[in-house]
Amino acid sequence: MRIRSRLRMAAVLPCCCATLLLMAWAPMARAQAWVPGKRNGSVGFTYQQSKSSRLTSANSELDRFGEVIDRSLSLNVDYGLTDRWAFSASIPFTSNRYRGNDPHDPRPFPFLADQRFLDDGRFHDGWADWAAYLRYQWRAKPFLVTPYIGYSQPSRDYTFWAHSGAGSQQWALHLGVHLGGFFSPPRQNLYWQAAYDFSFLQPVSHRRVNRGVVSVGIGYYFTPRFNVQALIEHQNSYGDTINLPDDFSNPDGSPNIGNIIYHDQLAASRTTTASAGLGYRINDRYALFANYGRTLTAANAHIYDGIVTVGFNREF
């Protein structure tokens with residue numbers, strides 16, 4: 001298989017960063033080390049569905065709080081401005097549902113008058129956070145090095161105080177780098193990818209919590225059209241974080257309403273997620289992909305029992 005062919009196929013591989021959609025970061029937007037080339041690109045759709053029924057505390061104790069089903073359909077665009085510069089963007093439409101005995105109800109809190117009660121056991125639809133990224137393929141040898149910068153922002157004033165909310169209602173500035181490459185013969189069909197993303201999130205209640213994500217993956221082309229890949233990803237939070245549910249109370253025992261309301265934004269979350277997927281190129285323009293992932297370890301965060309992602313891209 002020629003090097004140019006391999007790089008062309010790798011450019012349309014799906015990002016296996018499943019947790020990005022779950023955390024209001026778009027997987028297509030944080031694109032890969034490969035760039036499509038000048039005036040080339042792709043447009044596609046990604047559908048993702050996940051289920052969570054457990055929440056972990058700071059010491060990883062489990063709490064079965066009910067069941068959240070998150071569904072999203074994302075429109076993704078990737079375009080080569082030059083042979084080294086590329087621009088990508090995405091916006092997801094979400095449909096989420098919570099069923100259980102611990103709904104987030106904003107009605108008892110007068111200062112949350114703009115928040116709707118969503119945890120009523122039904123699916124609630126709406127646009128989530130759009131994202132746009134610019135990346136530069138700095139080096140190609142001995143392996144690809146592609147730094148990037150991105151920005152994401154809520155597309156509307158949606159409800160965040162809900163298990164079934166569309167997101168955390170925060171803008172974010174993303175800085176990171178992608179690495180990748182193919183192995184030398186006789187393992188020339190084997191490739192690897194790695195990435196680090198640091199996100200500066202919008203401060204909440206005069207406090208800022210930022211997040212970093214590191215991922216490492218490997219893949220293999222069985223044929224020029226069919227490949228498989230696996231990825232492991234770890235996320236950590238930094239800054240003015242809180243622990244769940246220890247910091248829900250003040251020193252005098254009274255409830256800390258700010259920490260309770262904004263716990264999704266302020267939690268000292270740590271998660272490790274593993275995923276595996278496959279891709280199939282129908283022809284020179286169309287490619288399909290599917291991916292399955294789940295949470296391995298977590299603290300101050302939801303455990304996802306399953307994350308299913310499917311989609312297709314059309315190159316131009």
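Student: Which residue forms a salt bridge with Arg122, and how far apart are the closest N and O atoms?

Tutor: This is a predicted model, and the distances below are computed from it. The partner of Arg122 is Asp120, and their closest N and O atoms are 2.8 Å apart. Arg122 counts as exposed, at 54% relative accessibility, while Asp120 is partly exposed at 29%.

That pair belongs to a set of six salt bridges found in a search of the whole structure. Another of them joins Arg54 to Asp305, with 2.9 Å between the closest N and O atoms. Here the two residues come from distant parts of the chain: Arg54 lies in strand β1 (residues 41-56) and Asp305 in strand β13 (residues 302-315), 251 residues apart. Arg54 has a relative accessibility of 17% and counts as buried. Asp305 is buried too, with a relative accessible area of 16%. Both assignments follow because buried means under 20% relative accessible area.

A further salt bridge pairs Glu67 with Arg97, the closest N and O atoms being 3.4 Å apart. This pair also links distant parts of the chain, with Glu67 in strand β2 (residues 62-80) and Arg97 in strand β3 (residues 85-99), 30 residues apart.

How values were computed:
Residues are numbered from 1 along each chain as its sequence is written. This is a predicted model: local features need pLDDT of at least 70, side-chain atom pairs count only at pLDDT 80 or more; totals for chains, interfaces and linings use all residues. Side-chain values use heavy atoms; hydrogens and water are left out. A salt bridge is a side-chain nitrogen of Lys or Arg within 4 Å of a carboxyl oxygen of Asp or Glu. Helices (H or I, at least four residues) and strands (E, at least two) are DSSP runs, numbered from the N terminus. Buried means under 20% relative accessible area, exposed over 50%, partly exposed in between (1.4 Å probe, protein chains only).
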